[in-house]
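Open the model in your viewer and keep the selection tool at hand. Each stop below says what to select and what is there.

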Amino acid sequence: MSPKRDMSPKRQETSKILTSKILAVVVWLAVMVVAGIQFYQHRNFKEPVVLGPGVTQVKTLGDYFPEIKGTVNDCNIYILDSGQPGGTFFVVGGTHPEEPGASLSALHLVENARVTQGRLIVAIHANRSASTVTRPGEAYPQFYHIPTEWGVRKFRMGDRWSNPLDSWPDPEVYVHYPSRQMLAYMDVRNLNRTWPGRPGGLITEKTCYALIQLMKQEKVDAFIDLHEAELEYSVISTIVAHQTAAPVAAMASMTLTAEEFPIGMEFSPASLHGLSHREVGDAIGVPTFELEAPEPFLDRVRGATGEYLLLTGKDEFVMKAGEHGLLYEKIDENGWPIDVRVGRHNSTILKIAEVWSQVNPDRAVVIENVPRYAEVKEKGVGYYLLNPAEAPKDRVVYE
Ligand SMILES: [Zn+2]
């Protein structure tokens, strides 16, 4: 007779429960280990960036505010100096790293632009922390891949908010500084709700403070903050402008609409605080433009939230919402491909610089060799990305 047969029914029951508990712990551990490895690999993945012909210097954000030095948000700051007198433009992608068209457009500037008058300063990951986490609860992909002529470039997909590993816990209510406006608790980790920032705040507030110090120290004349938006949101396919940027934004929107694609212009609301297009102008008087391109991936009614949707912008559920008049932008079976979105940003940046330079000839910024909308749409984003393996070692940096 086996010992098990000797067990009383109660002991047998206890042993069964113990076995299932041990099994549950083993399965849980296995899932934790697999997920943990994936989270670790994503957080530590380094994107190569090839310094294009126009890049004359690479600094980091911590050079402008030492408390950021060596932190997760000590992002690269690319300086493209023509050596000729003129103005200075500052363009950032990655305010919200779940909007990849923004970072890719900034990358196009770094790898392609030649500046022949004034200076261009670029950040690809303005909130690096938010690019080291996605939204696993919403099944975001961790990476996305852009095909090129010579292979594939791999990028981190990110989230809207800084990584909780870098900023925790959130307050019950986020009280914006200095307006004291009360905002949603998680927006204390939203780089577009923490402007103008403060030196003693949490990491996202400190990052905005550092970006403001950069603009002051580099005497920036105009600031462009790149974004993408869901089609269910009214602020889309538009340039949101601080009142100091409004004349240039209006002219840029009119010419782009006549020459390349429809894009609107709207005024930054005076009483909505924490946003770049409000606070940067109010705090330090730098005219600020926020650009929004359509990204169906962000829509709540979307279907499968994968890399396919991220890159093609094709989704039958978002189309259905459009049929019911629930969207602020059109969508059909062609979707909103990443090439179209990046092309829109590129052309809008170039047009703003062109109009700015006409209006302010003494502070002109002339940018050449950046592909415009029609070119990116035709040849694809990847066509304009350089091969890190072929570039000289001292011309490759990592994000
Ligand atoms: Zn955004």
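This is a predicted model: local features need pLDDT of at least 70, side-chain atom pairs count only at pLDDT 80 or more; totals for chains, interfaces and linings use all residues.

Residues are numbered from 1 along each chain as its sequence is written, and side-chain values use heavy atoms, without hydrogens and water.

**Stop 1: the largest pocket**

Select Glu99, Arg160, Arg193, Glu230 and Tyr233. Of the 29 lining residues, these are the closest to the centre of the largest pocket. Its volume is about 570 Å³. A pocket here is an open set of points on a 1 Å grid over the protein atoms alone, with protein on both sides within 12 Å along at least five of seven lines; lining residues have an atom within 4 Å of a point. Points are joined across faces, edges and corners, and the volume is the space filled by probe spheres set on them.

Now colour β11 (222-229), β13 and β14 (288-294), the elements that give two or more residues to this lining. β11 gives the most, with three. Strands are DSSP runs of E of at least two residues and helices runs of H or I of at least four, numbered from the N terminus. By class, the lining holds eleven nonpolar, four polar and 14 charged residues. Nonpolar covers Ala, Val, Leu, Ile, Met, Phe, Trp, Tyr, Cys and Pro; charged covers Asp, Glu, Lys and Arg; the others, Gly among them, are polar.

**Stop 2: the second largest pocket**

This pocket holds about 290 Å³ of space. Select Glu329, Lys330, Trp336, Arg344 and Tyr373, the closest to its centre of 13 lining residues. α9 (338-359) and α10 (373-379) each give two or more residues to the lining. Six lining residues are nonpolar, two polar and five charged.

**Stop 3: the cavities**

How many cavities of 30 Å³ or more are there? The count is two. A cavity is a set of grid points where a 1.4 Å probe fits but cannot get out.

Select its lining, including Glu47, Ser103, Leu107, Ile124, Phe155 and Glu399. α3 gives the most to this lining, with three residues. His96, Pro97, Glu99 and Arg156 are among its lining residues.

**Stop 4: β7 and β8**

Select 143-147 and 152-156. These antiparallel strands, β7 and β8, are joined by five bridges; strands pair if DSSP finds at least two bridges between them. Phe143 stands opposite Arg156 in β8. Four residues lie between the strands of this hairpin, where Gly151 takes a positive phi near 155°.

**Stop 5: β12 and β13**

Move to β12 (residues 238-241). Thr238 and Val240 on one side, and Ile239 and Ala241 on the other, are all buried. Buried means under 20% relative accessible area, exposed over 50%, and partly exposed in between (1.4 Å probe, protein chains only). β12 pairs with β13 (residues 264-267) in the parallel sense over four bridges. Ala241 has Phe267 as its bridge partner in β13.

**Stop 6: helix α5**

Finish on residues 246-259. Select Ala246, Val248, Ala249, Ala252, Ser253 and Leu256, the buried residues of α5. Seen down the helix axis, they fall within an arc of 155°, so they line one face of α5. The arc is that of the directions from the axis to the C-beta atoms. Turned away from that side are the exposed residues Pro247, Met254, Ala258 and Glu259.
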